[in-house]
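The following paragraphs lead the reader through one protein model, element by element. Please keep the sequence and the structure in view while reading.

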Amino acid sequence: MKRTTIKDIAKLTGLSISTISRALKGHPDISKATQEKVREVAEAMGYKPNLGARSLRTQSSKLIGVILPKADTFFFPEVLEGISEVVGRNGYSFIFLQSENSFKKEEELLDLCLQMPVEGILISLSVETENVVHLQKLRSNNIPVVLIDRLFTNSTFPCVNINDTAVSFSAVDFLIKKGHQRILGIFDDPRLEMSNLREKGYRDAFKANRISFHEKWVVKIPEGRNIDQVVAQLLEANKGATAIFTMSDKMLVQVYHVLANQGLSIPDDIALMSISDGKAPYYFYPNITHMRHSGAEVGSTSATLLFNCINGSSFDGHYHYIQAPLYDLGSV
């Protein structure tokens with residue numbers, strides 16, 4: 001179906017193209033009656049402003065791109081809420097795209113953003129992404145990029161996250177201080193640097209407290225594997241464990257279900273603690289003690305940083321860590 005243009009409205013109303021354009025913008029030189037008439041005709045014809053054409057005239061599309069692996073988890077919907085609030089406050093809009101954790105699709109979406117008049121991009125990298133070379137084309141086109149949550153330590157792009165290693169360390173150290181020494185660690189896909197950093201914090205806590213660690217206590221579960229099955233096998237192999245640390249809500253939910261299916265009581269039979277966005281822990285009984293990793297705060301901080309870049313401000317430091325406070329809800 002052919003897109004309705006200002007030219008089509010001008011032809012129907014008998015007014016000039018410049019008059020139509022000014023009327024749609026509410027220009028004071030155009031009478032209120034004419035403005036009303038033009039808007040009614042434009043609405044009836046399904047007219048929508050051409051953002052591409054507008055950006056050529058104004059050098060500003062007021063549009064940013066947001067690329068996330070998926071938005072069907074606890075964390076990323078909150079990220080989008082945080083982004084939306086900041087984007088709206090700045091008078092912008094955003095287009096949300098999902099890579100489905102595919103590097104190939106991630107590349108395709110970046111190319112799509114290059115074809116669109118986006119002024120900046122917020123991206124959480126796919127589990128298949130091994131480096132950030134493909135982001136250089138955005139930098140070459142003067143499009144600022146901010147990484148969200150999933151990052152690479154050797155990247156020169158600004159990124160927003162919690163300090164994965166330090167937060168995991170604090171969580172496991174808390175469990176140890178509560179008297180636990182045989183603590184199972186359950187982590188996400190090993191291809192994610194976030195998984196490796198959080199596992200490092202987990203291991204470091206044992207070293208710092210001079211507690212013996214056994215490799216059979218820890219698992220990293222690749223994308224697509226049956227989490228319930230892996231967790232059940234881990235519990236079977238470690239019947240003397242007194243606590244479990246999970247690195248995310250995704251793992252927390254699955255672990256809780258396995259424990260419930262096995263009739264294990266929290267915290268009487270086994271303690272449970274997680275890094276969490278802060279919503280999932282309250283869905284369970286008892287509520288789950290967690291280090292709060294706020295998706296909304298990550299989203300708003302990332303968007304604020306991106307707008308600073310768009311407006312020409314320099315980024316102070318490679319990483320921007322948000323705080324992850326402890327919420328002791330009695331599950332340990």
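Strand β9 (residues 271-276) and strand β10 (residues 289-292) run parallel and are joined by 4 bridges. Two strands are said to pair if DSSP finds at least two bridges between them. Helices (H or I, at least four residues) and strands (E, at least two) are DSSP runs, numbered from the N terminus. Within this pair, Ser-274 stands opposite His-290 in β10. Strand β10 is also joined by 2 bridges to strand β12 (residues 326-327), and these two run antiparallel. Here Met-291 stands opposite Leu-326 in β12.

The model is predicted: local features need pLDDT of at least 70, side-chain atom pairs count only at pLDDT 80 or more, and totals for chains, interfaces and linings use all residues. Residues are numbered from 1 along each chain as its sequence is written, and side-chain values use heavy atoms, with hydrogens and water left out.

One joins Ile-266 and Pro-267, with omega about 0°; Pro-267 lies in the loop between α11 (249-261) and β9. The other runs from Tyr-285 to Pro-286, with omega near -5°, and Pro-286 is placed in the loop between β9 and β10.

A further set of strands forms an open sheet. Its 6 strands follow the order β2-β1-β3-β4-β5-β11, with parallel pairing. Because β2 and β11 (319-321) stand at the edges, each with a single partner strand, one side of each is left without a neighbour in the sheet. Neighbouring strands of this sheet are turned by 20° against each other on average, direction ignored. Axes are lines fitted to C-alpha atoms, for helices over the stretch in contact, and angles run from 0 to 180 degrees between N-to-C directions. Inside the sheet, 2 bridges join β4 to β5, and Ile-148 stands opposite Val-160 in β5. Helix α5 (residues 75-89) lies across β1 (63-68), β2, β3 (121-123) and β4, and runs at about 160° to β2.

Two loops that follow strands of this sheet hold residues with positive phi. Asn-101, in the loop between β2 (93-98) and α6 (103-115), has phi near 60°, a positive value in a residue other than glycine. Asp-149, in the loop between β4 (145-148) and β5 (159-161), has phi near 70°. Asn-101 is buried, with a relative accessible area of 8%, and Asp-149 also counts as buried, at 5%. Buried means under 20% relative accessible area, exposed over 50% and partly exposed in between (1.4 Å probe, protein chains only).

Among the residues in contact (heavy atoms within 4.5 Å), Ile-6 and Ile-9 belong to α1, and Ile-17 and Leu-24 to α2.

For the whole protein chain, there are 12 helices and 12 strands. The C-alpha atoms fill a box of roughly 85 × 40 × 30 Å, taken along the principal axes. Of the 332 residues, 49% count as buried.
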